[in-house]
Amino acid sequence: MTNTATTAKPNSNSAAPAENSALVSPQGVTTIADTVVQKVAGLATREITGVHALGGGAVRAFNALRERIPGATASAGQGVSVEVGERQAAVDLQIVVEYGVAIADLAKSVRRNVIGAVEQMTGLEVVEVNINVSDVHIPGDDDTDESTESTRVQ
């Protein structure tokens with residue numbers, strides 16, 4: 001009888017986390033799409049001062065072209081990739097930081113904001129947020145490009 005009680009406890013413990021999950025209840029299961037987590041993480045990253053942009057050079061160039069098309073908008077999930085399970089998510093970010101910002105502090109703030117936003121909005125546990133800083137934005141670089149373009153076309 002002791003073995004039966006011992007065997008019953010692990011079974012009831014393994015079922016308890018699923019029942020206690022915000023996404024699994026006796027009334028049904030809620031599934032969160034990857035794109036939902038991707039957009040939430042992207043928007044949460046952009047909220048942090050010091051993040052200039054998300055994505056690598058090619059992705060940013062493609063989205064700059066897309067923004068010029070009437071009716072098209074930039075993707076909120078640009079520079080964000082995610083893996084979403086039933087109860088957990090992992091997020092990978094590729095960001096461009098403003099020059100002069102302490103990258104370690106920025107990464108800590110981004111990580112905290114992304115975890116908070118994703119967990120609050122989706123109910124998923126965020127197990128990791130990996131951040132790849134792909135470039136540093138230097139103020140004034142964009143201004144020279146825009147002034148050159150505006151003087152060429154009249």
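How many helices and strands does the protein have? The predicted model contains five helices and six strands, where helices (H or I, at least four residues) and strands (E, at least two) are DSSP runs numbered from the N terminus. Along the sequence, these elements follow the pattern α-β-β-α-β-α-β-β-α-β-α. Residues are numbered from 1 along each chain as its sequence is written, and side-chain values use heavy atoms, with hydrogens and water left out. Because the model is predicted, local features need pLDDT of at least 70 and side-chain atom pairs count only at pLDDT 80 or more, whereas totals for chains, interfaces and linings use all residues.

Confidence was examined through pLDDT, the predictor's confidence in each residue, from 0 to 100. The mean pLDDT of the protein is 79, and 66% of its residues reach 70 or more. Confidence is lowest in helix H1 (residues 2–20), with a mean of 42, and highest in H4, with a mean of 98. The pLDDT is below 50 over residues 1–19, a stretch that has four contacts in the model beyond near neighbours in sequence, a contact being defined by heavy atoms within 4.5 Å. Residues 144–148 also have pLDDT under 50, and for them the model has zero contacts beyond four places in sequence.

At the level of the whole protein, 73% of the contacts between residues at least 6 apart in sequence join residues at least 24 apart. The accessible surface comes to about 10000 Å², of which 53% belongs to carbon and sulfur atoms; accessible areas come from the Shrake-Rupley method with a 1.4 Å probe, and for residues only the protein chains shown count as cover. Buried residues make up 27% of the 154 residues, with buried meaning under 20% relative accessible area, exposed over 50%, and partly exposed in between (1.4 Å probe, protein chains only).

In soluble globular proteins, nonpolar side chains tend to be buried together. A nonpolar core is here a set of buried Ala, Val, Leu, Ile, Met, Phe, Trp, Tyr and Cys residues joined through side-chain atoms within 4.5 Å. The largest such core has 24 residues, of which Val37, Val91, Leu93 and Val114 touch the most other members. At least two residues of this core are supplied by each of H2, strand S3 (51–54), strand S4 (80–84), strand S5 (88–98), helix H4 (103–122) and strand S6 (125–137). When residues up to four places away in sequence are not counted, Val37 touches Ile32, Val82, Val84, Ala89, Val91, Val118, Thr122 and Leu124.

Thr45 is placed in helix H2 (residues 34–46) and counts as buried because its relative accessibility is 0%. Beyond neighbours within four places in sequence, Thr45 is in contact with Val51, Leu54, Leu93, Ile95, Val110 and Val114. In strand S6, Val129 is buried, with a relative accessible area of 4%. Its contacts, again excluding residues up to four places away, are with Val91, Leu93, Arg111, Val114 and Ile115. Val129 and Val114 are 15 residues apart in sequence, and their C-alpha atoms are 7.8 Å apart in space.

Glu47, in the loop between H2 and S3, counts as exposed at 59% relative accessibility. His137 belongs to strand S6 and is buried, with a relative accessible area of 13%. His137 and His52 are 85 residues apart along the chain, and their C-alpha atoms are separated by 6.7 Å.

Ile138 lies in the loop between S6 and helix H5 (141–152) and counts as partly exposed at 42% relative accessibility. Together with Tyr99, Ile103 and Val136, Ile138 forms a nonpolar patch on the surface, with about 380 Å² of accessible area in total. Patches are made of residues with over 30% relative accessible area and no salt bridge, in which like charges are joined within 9 Å and nonpolar side chains (Val, Leu, Ile, Met, Phe, Trp, Tyr) within 5 Å. A salt bridge is a side-chain nitrogen of Lys or Arg within 4 Å of a carboxyl oxygen of Asp or Glu.
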